[in-house]
Amino acid sequence: MTKVEVVLVELGGDTSKSSFCKPLLDEVPPSTMPPPTDLAIVPSPTLAKEQGHEMELSSPTTVVRPNKRLTSVVWNDFERVKKGDVCVAVCKHCKKKLSGSSTSGTSHLRNHLKRCRKRSNHDIAQLLVVREKKKDGTLDLGNFKFDQEQKKDETFSLENYKFDPERSRLDLVRMIILHGYPLAMVEHIGFKMFVKNLQPLFNLMNCSTVEADCMAIYAKEKQKMYEVLDKLHGRISLTADMWVSCESGGYLCLTAHYIDETWQMQKRILNFVMVDPSHTEDILSEVLMTCLMDWDIDRKLIALTLDDCSTNDNFVSRIRDRLTQNKLLLSNGQLFDVRCASHILNLVVQDALDALRDVIDKIRESIRYVKSSQVRQEKFNEIAQQVRIYSQKSFCLDSPMRWISTYLMLEVALEYKDVFSLLREHDPAYKLAPSDLEWGRASAITNYLKLFFEVTNNFSTIKHPTANLYFPEICDVQLQLIEWCKSADTFISGMALKMKSKFDRYWNTCNLALAMAAILDPRFKMKLVEYYYPQIYGSAAADRIKVVSDTIKELFNDYAICSTLTNFEHGLAWEGRTSSGYSGTGLPMASNDRLSGFDKFLHETSNIQRVKSDLDKYLEEPVFPRNVDFSILNWWKVHTPRYPVLSMMARDVLGIPMATVPLGSTFNAGGRILDPYRSSLNPDILQALICTQDWLRTELEDLQPSSSHGVLSLCLDTT
């Protein structure tokens with residue numbers, strides 16, 4: 001005979017109306033009945049433990065209808081029944097009987113659901129997470145959505161939800177792509193154990209399956225990206241970066257930059273393709289042209305931005321010549337060749353640091369000497385107090401590959417230059433102190449580097465800087481270099497001449513593109529060019545300003561013609577559809593109509609002569625007041641109806657990337673080097689992973705702009 005212990009538990013509610021309690025209460029003698037309260041009879045925990053929570057029922061059972069709602073989601077898969085004095089939970093799938101008392105909890109029920117083979121498998125963990133979510137909106141979990149605005153005690157039904165192994169497999173692959181996890185993680189023993197315990201029905205994959213799925217996802221996402229670029233009305237700018245593999249060879253990373261129909265800056269990696277280690281101009285140009293043809297964007301380009309080095313000259317000339325021959329570039333490609341502003345600033349800074357190399361080495365070793373001993377550090381601090389230097393900045397050794405760290409090291413060391421001089425007198429072992437002349441040169445060059453630091457920092461703090469931001473900053477650098485070249489100190493003037501020689505090469509290539517973007521800033525227009533050019537060119541400023549003015553008019557005319565031709569062709573197509581192949585005059589519209597050119601000429605000239613152009617109106621109107629909250633893209637978005645043609649040009653020109661250096665690497669003087677893991681991958685797989693990661697990351701950033709930036713980086717090492 002089974003022994004049953006009776007436990008009285010307060011539930012709350014009227015026991016006289018409870019079908020759960022009433023039959024048992026009727027068997028209790030009136031003399032031993034407790035005072036009126038809300039009671040329920042549940043099995044003893046001891047009994048449940050002895051029977052392992054699992055029991056068989058041999059006699060008729062009664063379905064228990066408790067007066068308190070069962071809140072755990074596991075009860076959606078169990079039916080609570082009573083056998084005699086014992087409550088049990090019957091699995092709806094396999095009919096297994098387990099302890100159903102309130103004191104037994106639900107952990108054993110959850111464990112049973114994991115092992116139940118007859119159950120239509122569901123992910124209990126997902127549903128538990130959903131119950132705890134209190135966010136607004138709708139949460140997307142796999143193939144179903146949950147409305148978050150539900151009542152607190154409302155439970156979810158498991159009967160309509162099925163575990164989808166195909167969806168889970170693809171989600172796993174997307175996770176690997178998105179976060180840059182190793183493909184082989186699916187073969188790691190720890191991962192296998194985790195998945196087995198989490199979802200036994202999930203079929204584990206090998207590395208080859210993951211690679212195949214990566215390629216399939218890449219093909220699908222590439223088609224979506226192709227359709228986006230195909231439907232884009234504006235033009236596209238490209239950046240081409242060379243990456244070095246740890247194994248062998250190099251990779252060309254091709255990135256598209258554009259402003260979309262909503263006037264938002266967009267950037268997408270299109271290709272990450274392996275190239276011959278020789279990197280010859282012929283090979284690179286053929287690789288790039290193949291990529292352009294593959295994406296069908298050779299007809300939609302406006303600019304190509306590269307690092308500012310002489311090896312890129314022939315490369316970009318070959319590309320521009322091929323595009324110009326097919327009349328695919330506007331204004332004869334005058335804006336096509338753009339060089340990275342951050343790269344040229346890094347090169348110029350390196351010239352300054354090289355000139356000061358010996359002094360920097362002495363200062364670096366002096367700091368290392370002081371920090372190498374606690375006694376020396378205390379002696380140094382004592383001398384600093386004696387000469388009343390109370391700087392809050394602390395010493396830090398620089399990283400030679402990041403010039404900003406060298407600049408900051410010099411800046412702090414200069415505050416303690418008198419302390420270093422006195423330390424030499426008090427410590428005979430210290431023999432590395434710079435001389436007064438060397439300290440003076442270090443001070444001068446550090447002051448010069450401050451401008452480069454501020455300018456570069458302005459570029460790097462904006463995630464998607466528009467092209468108009470660069471012109472005033474670059475002009476300030478140009479003016480400062482001109483002044484340094486006039487220095488009476490031959491050391492400074494010689495260094496400045498070398499720096500200016502490199503900078504002039506960049507300026508001669510990019511000044512038109514920089515000026516065009518500045519003119520399209522309504523706060524500046526032509527006034528900013530007219531302000532800077534006399535300072536830069538002196539008596540030749542008028543001619544230079546005229547070149548800029550003529551170039552922007554020529555570019556605008558090209559856009560006006562393109563706009564007119566587009567509207568004209570749309571009109572002809574509409575007329576052709578409505579008249580079944582006949583023109584409005586009743587004449588057949590043959591494809592070899594010799595007067596079709598006259599029709600275009602008439603349409604163009606009549607429009608141009610009838611009204612003042614967008615560019616004329618824009619330049620004649622007063623400049624927009626400068627303020628810190630100004631957004632140039634929002635301004636053009638609002639003023640598009642007023643300047644329909646000029647706004648098209650503004651969208652393309654402002655979208656030109658004036659720098660190729662990624663955010664966070666602006667002060668880095670090293671190259672772009674792939675980490676060992678990615679270097680070991682098959683080139684096709686590597687391209688699929690990098691491109692797809694970029695596309696998925698951008699898609700998630702659009703959905704969750706406030707939470708995705710930190711974890712969805714490209715994860716390519718730059719050293």
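Trainee: Which residue caps the N-terminal end of helix H12?
Mentor: Helices here are DSSP runs of H or I with at least four residues, strands are runs of E with at least two, and both are numbered from the N terminus. This is a predicted model, where local features need pLDDT of at least 70, side-chain atom pairs count only at 80 or more, and totals for chains, interfaces and linings use all residues. Residues are numbered from 1 along each chain as its sequence is written, and side-chain values use heavy atoms, leaving out hydrogens and water. A side-chain oxygen lies 3.2 Å from the backbone nitrogen of valine 375, and the residue it belongs to is serine 373.

Trainee: How far apart are the end C-alpha atoms of H12?
Mentor: The expected span is 1.5 Å times one less than the number of residues. H12 covers residues 374–386, so its 13 residues should span 18 Å. That agrees with the distance in the model, 19 Å.

Trainee: Which residues of H12 are buried?
Mentor: Buried means under 20% relative accessible area, exposed over 50%, and partly exposed in between, with a 1.4 Å probe and protein chains only. The face turned away from the buried side carries exposed Gln374, Val375, Gln385 and Gln386. The buried ones are Phe380, Ile383 and Ala384.

Trainee: Which residue of S12 is the bridge partner of serine 237?
Mentor: Strands pair if DSSP finds at least two bridges between them. Strand S9 (residues 236–244) and S12 run parallel, joined by four bridges. In S12, which spans residues 301–306 and has six of its six residues buried, the partner of serine 237 is alanine 303.

Trainee: Which residue in S13 stands opposite threonine 305?
Mentor: S12 and S13 (residues 337–339) run parallel, with three bridges between them. The residue opposite threonine 305 is valine 338.

Trainee: Which residues does lysine 222 touch?
Mentor: Lysine 222 sits in helix H7 (residues 207–231). Lysine 222 and tryptophan 295 are 73 residues apart in sequence, yet 9.5 Å apart in space, C-alpha to C-alpha. Leaving out residues up to four places away in sequence, lysine 222 touches Asp294, Trp295 and Trp695.

Conventions
A polar contact is a pair of N or O atoms within 3.5 Å; within protein, one must be able to donate a hydrogen and the other to accept it, and residues adjacent in sequence count only if both atoms are side-chain atoms. Contact means heavy atoms within 4.5 Å.
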